[in-house]
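Subject: The two-chain model, handed over

Hi there,

Here is the structure I promised to pass on to you. Have a look at it first, and then read on for what turned up in it.

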Amino acid sequence: MNLVRLRNFAAHKPVRVALFFLVFGFLVSFPFWASRYWVDVGFYVGLYALLGLGLNVILGEVGLFNLGHAAFWAIGAYTTAILNVRFGLPTLALLPISALVAAGCAWLVSSPIIHLRGDYLCIVTIALGEIVRLVLINNPGGLTGGPNGVVGIARPAFLGHVIRTPMDFYFLVWAVVAVCALALRQLQRSRIGRAWNYIREDEIAAESMGVDVRALKLLAFVLGAALAGLAGNIFAAKMRMVSPDSFTFMESCLMFCIVLLGGMGSVPGTIVGAALVVLFPEVFRPVAQYRLLFFGLALAATMYFRPGGLWPRRRAVEFLVERPGR
Amino acid sequence: MLTFVQQLLNGLTIGSFYAFVALGYSLIYAILKLINFAHGDLFGLGAYLGYTVFVYASGVVGRTLGLWGLLPMGFAAAALGTACAGLVIERVAYRPIYPIGRLPAVVSALGMAIFLSNFIMAVWGPRYLAYQESFIPTGFWQIGEFKIRVLQVLILVSSLVLLGVLYFVVERTTFGAAVRAVALDRETAALMGIDFLKVIRFAFAVGPALGAIAGVFVGMYYRQINFTMGWVYGLKAFTATILGGIGNIPGAMVGGILLGLLEALTAGYISAAWKDVFVFAALMLLLIFRPTGLLGEKVAEKV
């Protein structure tokens, strides 16, 4: 029961503040002492954290099985790529536009399917992810460049400073993650966040209490897709090219695993999950050929030993009962 | 007319593959309410096991018993090996986890899928392997300009026979009644003295075995196999399962055949590059208007 004691210890306010600054200090100082390679790895942790946070809204908060989240990531990335390469719009300015386009597409496609439940929604989102990927490959109107994708995306510039090195991108992605994480924490505690959790726990009871289930589910989908759109923009800017290979079903599965590994509905958990999913193959690079083999086993083992995820969200009731020393 | 019939035949053949794999999904879903994401890769494993047996046995067995002695051996080995793999996965990765909840079980299933496809890659290598001429029935019948391959007939007949056997076992035998009871309500069935672990083991042995047979057939039909084939066919077969109505044996068959026909006809008449888009769009449309699939029964919402 050491874990419980550890958690109770971590619930003390001074401890929490100290922990926060420790993590914050680590993240800020990391690119100054780590090698470029590991800074790049840090960038990918941030990128997947952003994707995980988006899916966490849909899957973690509302409990909608979405196994096609890579579709919205792809839409964000291709929006950036096409608008930048064809129309010369600055890449960083496309950050909010990519989010909006992804959100708009999410609203369009999820409106007719949002009433589906559980596994049926799951298969439809899988189909959605595949449709988007196949459309990108098939190059409608010569817009998406087919299997080769779109190349030559301009580097983003912030107030005249061109974002180019791994360190620049590291700070860009983690700044976006920080803003989104804080916003999502606030949202969790709001009326909307509580209604989402109510839907997840018991949809019918929520509806009978006057919660607008449909509107709130749509909102979650749109918000989650918007975050994926942001990630798409940053990804496109970093890679300077986009191609359909990056947005496979496997990526959607990884995001799904990030949310469940971290703990459904837990913002810090999602970031931990992202770190795990990105770092695991890196740490196992010496046995490169077998690393995904172990990764598969690790997924199953984690679910066996910590079914609630690595950093499960504390429930409000739990806080009321056992929150010590405050 | 000729191309239409030819496309129809192709569609039926591809549809049989999907139906085979879909049966496994459906059986396991009916009993555990779990999408067994590893099922597609079990299908891939079957293709590789069959390949290995054919390669090593084609010398001795091929010479003494001929092709028709070799084939049953390959199929039996693939089916048995994959059934064992299915049982091990159930024991190791699902049984400890599914009492905890459905989402952890989904992650565990995804983990097993990743594990299996990489296991195949580690053992057999990442490159395409070719099923050789020597262990494929290559004969065909010519009727006018119309060509029927022996292999196609073999695939169609065996899918019908195996479906019939499975349907008979589940619908007409005492054990089948136990399977249906567990599918309806596991706890009540257990209280009635039904050994539900036995039923679960049945599903995890028969489903992957059918998948393995399909895997060997796919290898013979397309002449090449790859470690990623499990994802592709798994996804299509799962689509077929949903099309027909999940947890329903004839439904899986109908869904598979329909999907195959849809694919062959769109590939033949509209566009080969867009065929998968049509398939998935059809699935979405169907689910919007008929959320339980074509043959799925209306299930009362549990409150």
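Buried residues make up 48% of the 326 residues in chain A. Of the 303 residues in chain B, 50% count as buried. Please keep in mind as you read that this is a predicted model.

Let me start with the overall build of each chain. Chain A has 14 helices and 4 strands. The radius of gyration of chain A is 20 Å, close to the 20 Å that the globule rule gives for 326 residues, so chain A is as compact as a globular protein of that length. As for how the chain folds back on itself, take the contacts in chain A with a separation of 6 or more: residues 24 or more positions apart account for 77% of them.

Chain B comes to 12 helices and 4 strands. Its radius of gyration is 19 Å, close to the 19 Å from the globule rule for 303 residues, so chain B too is as compact as a globular protein of its length. Along its principal axes, the C-alpha trace of chain B spans about 60 × 45 × 40 Å. Among the contacts in chain B between residues at least 6 apart in sequence, 77% join residues at least 24 apart.

Next, the place where the chains meet.

Two packed helices are described by the angle between their axes and the distance between the axes. In chain A, the axes of α7 (residues 166–188) and α10 (residues 213–239) come within 11 Å and cross at roughly 175°. An angle over 145 degrees counts as roughly antiparallel, and that makes α7(A) roughly antiparallel to α10(A). From α7(A), the contact is made by F169(A), L172(A), V173(A), V176(A) and C180(A), and from α10(A) by L227(A), L230(A), I234(A) and K238(A). This contact has 8 nonpolar, no polar and 1 charged residues.

The second pair is in chain B. Helix α6 (residues 150–172) of chain B and helix α7 (residues 174–184) of chain B pack at an angle of about 80°, with their axes 5 Å apart. That makes α6(B) roughly perpendicular to α7(B). On the α6(B) side the contact is made by V169(B), V170(B), E171(B) and R172(B), and on the α7(B) side by F175(B), G176(B), V179(B) and R180(B). The residues of this contact divide into 4 nonpolar, 1 polar and 3 charged.

There is also a hairpin to look at in chain B. Strand β2 (residues 140–143) of chain B and strand β3 (residues 146–149) of chain B pair in the antiparallel sense over 4 bridges. I143(B) has F146(B) in β3(B) as its bridge partner. The hairpin has 2 residues between the strands, and G144(B) takes a positive phi near 60°.

Finally, two backbone details in chain A. Most residues other than glycine have a negative phi, and most peptide bonds are trans. Where does N139(A) sit? N139(A) is in the loop between α6 and β1 (150–151) of chain A. Its phi is near 55°, a positive value in a residue other than glycine. N139(A) is partly exposed, with 16 other C-beta atoms within 10 Å. R240(A) has a phi near 65°, again a positive value in a residue other than glycine. This residue lies in the loop between α10 and β4 (241–242) of chain A. With 15 C-beta neighbours inside 10 Å, R240(A) counts as partly exposed.

Happy exploring, and do write back with any questions.

Best wishes

Methods. Residues are numbered from 1 along each chain as its sequence is written. Chains are lettered from A and ligands numbered from 1 in the order in which they are written. This is a predicted model: local features need pLDDT of at least 70, side-chain atom pairs count only at pLDDT 80 or more; totals for chains, interfaces and linings use all residues. The radius of gyration is taken over C-alpha atoms; the globule rule is 2.2 Å times the number of residues to the power 0.38. A residue is buried if 20 or more other C-beta atoms lie within 10 Å of its own, exposed if 12 or fewer, and partly exposed in between; C-beta atoms are placed from the backbone. Two residues are in contact if their C-beta atoms, placed from the backbone, lie within 7 Å. Two strands pair if DSSP finds at least two bridges between them. Axes are lines fitted to C-alpha atoms, for helices over the stretch in contact, and angles run from 0 to 180 degrees between N-to-C directions. Angles under 35 degrees count as roughly parallel, over 145 as roughly antiparallel, 65 to 115 as roughly perpendicular and the rest as oblique. Ala, Val, Leu, Ile, Met, Phe, Trp, Tyr, Cys and Pro count as nonpolar, Asp, Glu, Lys and Arg as charged, and the others, Gly among them, as polar.
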